[in-house]
Amino acid sequence: MDQTTPSTVRPRENVGTIPAYVPGKPPVARPGLTAYKLSSNENPYPPLPGVVAAATSVVEQMNRYPDMGCTALYDALAARFGVPVEDLAAATGSVALIYQLLQAFCDPGDEVVYAWRSFEAYPIAVSAAAATSVQVPVTGSGEHDLDAMAAAITDRTRVAMVCTPNNPTGPAVSHTALRAFLAEVPPRVLVVVDEAYVEFVRRPDPVDALALYREFPNVVVTRTFSKAYGLANLRVGYAVAQAPVAAALRAVSLPFGVSGVAQAAAIASLEAEDALFERVEALVGERTRVLEGLRSAGWEVPDAQGNFVWLPLGEATLDFAAAAGEAGITVRPFAGDGARVSIGEPEANDRLLQLADPSFLPT
């Protein structure tokens with residue numbers, strides 16, 4: 001045997017650098033308490049009207065493959081958002097589209113610029129593509145530093161990702177700031193506008209990502225049915241991009257990845273948007289109540305534009321998470337940084353406010 005030949009089967013070197021994705025933990029039962037999961041930014045409401053019936057009708061056809069071309073879903077999305085079908089790509093959640101985009105557009109060693117802390121899957125997806133992460137720190141208020149991100153772009157940069165609202169810190173970028181950023185980015189660099197929580201945004205000058213995709217050919221908009229639409233278990237998301245980019249995303253997609261059940265549920269959810277917006281407004285109202293309660297207790301909480309709040313706990317993060325568990329709510333801790341807490345049922349939110357004693361505030 002050649003001495004340079006490995007004696008065991010080995011994956012590519014980049015596989016060993018992939019950080020583990022840590023999902024939100026389920027709630028632990030506590031005597032006398034209803035336990036609530038506030039660790040995964042799930043929608044606390046049941047499926048929208050008509051969704052269960054639409055999904056069930058397809059379950060009865062589970063012996064057949066789904067429509068790999070997502071024809072009916074693409075038609076519904078095209079009609080809803082006024083975009084060509086050719087500019088759409090669907091996958092198992094918007095996170096899958098990010099994986100596909102990096103696979104399609106990054107060679108080993110290419111750079112991907114994104115804010116940090118931001119969505120936990122970004123460094124995983126970058127490492128899986130054998131690309132290189134360039135992490136630009138968020139500001140002290142948890143916002144994207146778009147000027148610093150533009151300055152971080154080099155000749156090796158292929159993709160820049162803007163998570164707005166930013167998960168887990170909460171703030172959303174403005175349309176004016178994002179458009180100015182795009183004007184600075186070389187046209188050869190793809191810019192992903194990750195809008196998993198777009199339905200919850202209530203800030204002034206909100207991003208109109210579809211207008212930006214029409215103006216800048218290098219913009220890709222990713223969205224999901226997991227959050228506001230409440231289809232987290234079914235895993236379906238979509239991208240809007242210029243036709244050549246969308247075609248590349250579809251080319252590297254997993255065949256039959258989006259199930260027929262997910263497609264039917266997504267279409268039915270689009271048809272129930274009146275009920276959707278009522279629920280979103282209720283969650284936004286609860287978000288406002290939680291923010292006001294936290295701030296009145298002395299917490300400096302970043303602006304929250306998703307369905308969650310960010311508590312900058314620093315070294316007290318794990319202690320707070322443990323105390324939350326004892327109170328019957330699970331939160332998503334990021335050790336040494338802070339905890340992300342989803343907006344859930346009013347009783348769950350009440351528990352958070354009762355728990356958020358100033359003694360946990362970092363000194």
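**Entry: α10 and α12**

I looked up how helix α10 (residues 273–296) lies against helix α12 (residues 346–355): their axes come within 10 Å and cross at roughly 15°. Angles under 35 degrees count as roughly parallel, so I noted α10 as roughly parallel to α12. I am working from a predicted model. The crossing of α10 past α12 is right-handed.

Next I listed the residues that meet. From α10 I have Glu286, Arg289, Val290, Gly293 and Leu294. From α12 I have Pro346, Asn349, Asp350, Leu352 and Leu353. I sorted this contact by class: five nonpolar, two polar and three charged residues.

**Entry: α1**

I then turned to helix α1, residues 51–59. Which of its residues are buried? I found Val51, Ala55 and Val58.

**Entry: Thr330**

I located Thr330 in strand β10, residues 329–330. Is Thr330 buried or exposed? I read a relative accessible area of 10% for Thr330. Buried means under 20%, so Thr330 is buried.

Last, I listed what Thr330 touches, leaving out residues up to four places away in sequence. I wrote down Lys25, Pro26, Pro27 and Val28. Tyr36, Lys37, Leu38 and Ser39 are on the list too.

Key: Residues are numbered from 1 along each chain as its sequence is written. This is a predicted model: local features need pLDDT of at least 70, side-chain atom pairs count only at pLDDT 80 or more; totals for chains, interfaces and linings use all residues. Side-chain values use heavy atoms; hydrogens and water are left out. Axes are lines fitted to C-alpha atoms, for helices over the stretch in contact, and angles run from 0 to 180 degrees between N-to-C directions. Helices (H or I, at least four residues) and strands (E, at least two) are DSSP runs, numbered from the N terminus. Angles under 35 degrees count as roughly parallel, over 145 as roughly antiparallel, 65 to 115 as roughly perpendicular and the rest as oblique. A crossing is left-handed if the near helix is turned anticlockwise from the far one by less than a right angle, and right-handed if clockwise. Contact means heavy atoms within 4.5 Å. Ala, Val, Leu, Ile, Met, Phe, Trp, Tyr, Cys and Pro count as nonpolar, Asp, Glu, Lys and Arg as charged, and the others, Gly among them, as polar. Buried means under 20% relative accessible area, exposed over 50%, partly exposed in between (1.4 Å probe, protein chains only).
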